[in-house]
Amino acid sequence: MPRQLSNSLLLAATLLAASAAPAADRGGNYAVTGRIAAPGDGGWDYAAIDSATKQVYVTHGDIVVAADVVRNTAKAPFSGIAKGHAAVPIPNRHLLAVTSARDNTVRLFDTETGKELARVPVGNDPDAAYYDASLQRLVVVNAKGGTISLVDPVARKVTGTITLKPGLEAATHDGNTLIVNNEDLSEVETADLRTGKAGPALVLTGCEGPTGLAFDPATGQAISACANHKAAIIDVRHHRLVGLLDIGAGPDTVVVDTRRRVAFIPCGGDGTLVQIALDGGARVIRSIPTEPGARTAALDSDTGAIYLPTADLAPPTTPGGKPQPKPGTFHILVVTSR
């Protein structure tokens, strides 16, 4: 065979193999590439990003940290919260909604001034929350109350309540179908966001204490992070458990990058970030070293960067206790594809 033809065939075969390979496998080698020092001591919870302003918000006890990921600086302009869980930027409104667990309210802040504008009463122990752009409502998960509050952040009031079961954790949605983890019952609850009616629950066999949850519209599958080193893959549209993946310890969030066709689960118990391919059957690609305590995350859908809050941890003070964050060490890890 002539060399020129042989080389052409070899090039064609190489290109064909590359196009057939799962996109996530060509998505780059993710690693920790930065660290943003942030104020405040004590525990932290959910993180969220406003991709338009490049601000990452992290609830941190009675404050919310705002990190400018372009300048690599952070401050704490929002305060007075009674145990914050979720800080959710409201698009195009200069508003930040924060769930305040101990007084059962959602606090609304002006993101430009840091001023608290309103306190909206919701259900018992508001925890996770997200903004539904189609409904123009903040969806608030009241963990102990077992209810969902739909909050109009502009009118500053609750416009609907959905009754489910106590023990609720993170929530997401597929169109009008609400999907919520129930940590106590190890199942997912469903509801119709338009009618407010509860739907059937799905038991997550083999998944204990599900916390983090995210949905991938392209595959119609949700990923639920479980306390027993597993991630449950759920076919939402056919209401069935597809399977379980092995992950690390202490997960609390799942983020889905729909552009790059990968998902990530931060596992703070062993300091890893599990990367999952979404296409061709969900599967674990790799575990990326991070730091112990990095159990929640925010994804910038524009750049693909992932931001994980944590702190330097001291050993437990009592046998069987949890490691404690060292004062003055709170920071946000930056994970990017190199």
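The model is predicted; local features need pLDDT of at least 70 and side-chain atom pairs count only at pLDDT 80 or more, whereas totals for chains, interfaces and linings use all residues. Residues are numbered from 1 along each chain as its sequence is written, and side-chain values use heavy atoms, with hydrogens and water left out. The pLDDT, the predictor's confidence in each residue from 0 to 100, has a mean of 92 over the chain, and 92% of the residues reach 70 or more. Over residues 1–26 the pLDDT is below 50, and this stretch has 14 contacts in the model beyond near neighbours in sequence, a contact being heavy atoms within 4.5 Å.

A nonpolar core is a set of buried Ala, Val, Leu, Ile, Met, Phe, Trp, Tyr and Cys residues joined through side-chain atoms within 4.5 Å. Buried means under 20% relative accessible area, exposed over 50%, and partly exposed in between (1.4 Å probe, protein chains only). The largest nonpolar core holds 43 residues, of which Val106, Leu138, Ile148, Leu178 and Val180 touch the most other members. Strand 11 (residues 137–142) supplies the largest share of this core, with 4 residues. Beyond four places in sequence, leucine 138 touches residues including Val88, Ile90, Val106, Tyr130, Leu150 and Pro153. Another core, of 18 residues, lies apart from the largest one, and among its members are Ala38, Val69, Ile332 and Val334.

Strand 10 (residues 126–132) is mostly covered, with 6 of its 7 residues buried. Strands 10 and 11 run antiparallel and are joined by 5 bridges; tyrosine 130 has valine 139 of strand 11 as its bridge partner. The hairpin formed by these strands has 4 residues between them, and in it glutamine 136 takes a positive phi near 55°.

A further open sheet consists of 4 strands in the order 14-15-16-17, with antiparallel pairing. Strand 14 (168–174) and strand 17 (202–203) stand at its edges, each with a single partner strand, so one side of each is left without a neighbour in the sheet. Strand 16 (residues 187–192) is joined to strand 17 by 2 bridges, and glutamate 187 stands opposite valine 203. Threonine 190 lies in strand 16 and counts as buried at 11% relative accessibility. The side chain of threonine 190 reaches the backbone oxygen of proline 200 at 2.6 Å.

Alanine 52, in the loop between strand 2 (47–50) and strand 3 (55–60), is exposed, with a relative accessible area of 74%.

Key: Two strands pair if DSSP finds at least two bridges between them. A polar contact is a pair of N or O atoms within 3.5 Å; within protein, one must be able to donate a hydrogen and the other to accept it, and residues adjacent in sequence count only if both atoms are side-chain atoms.
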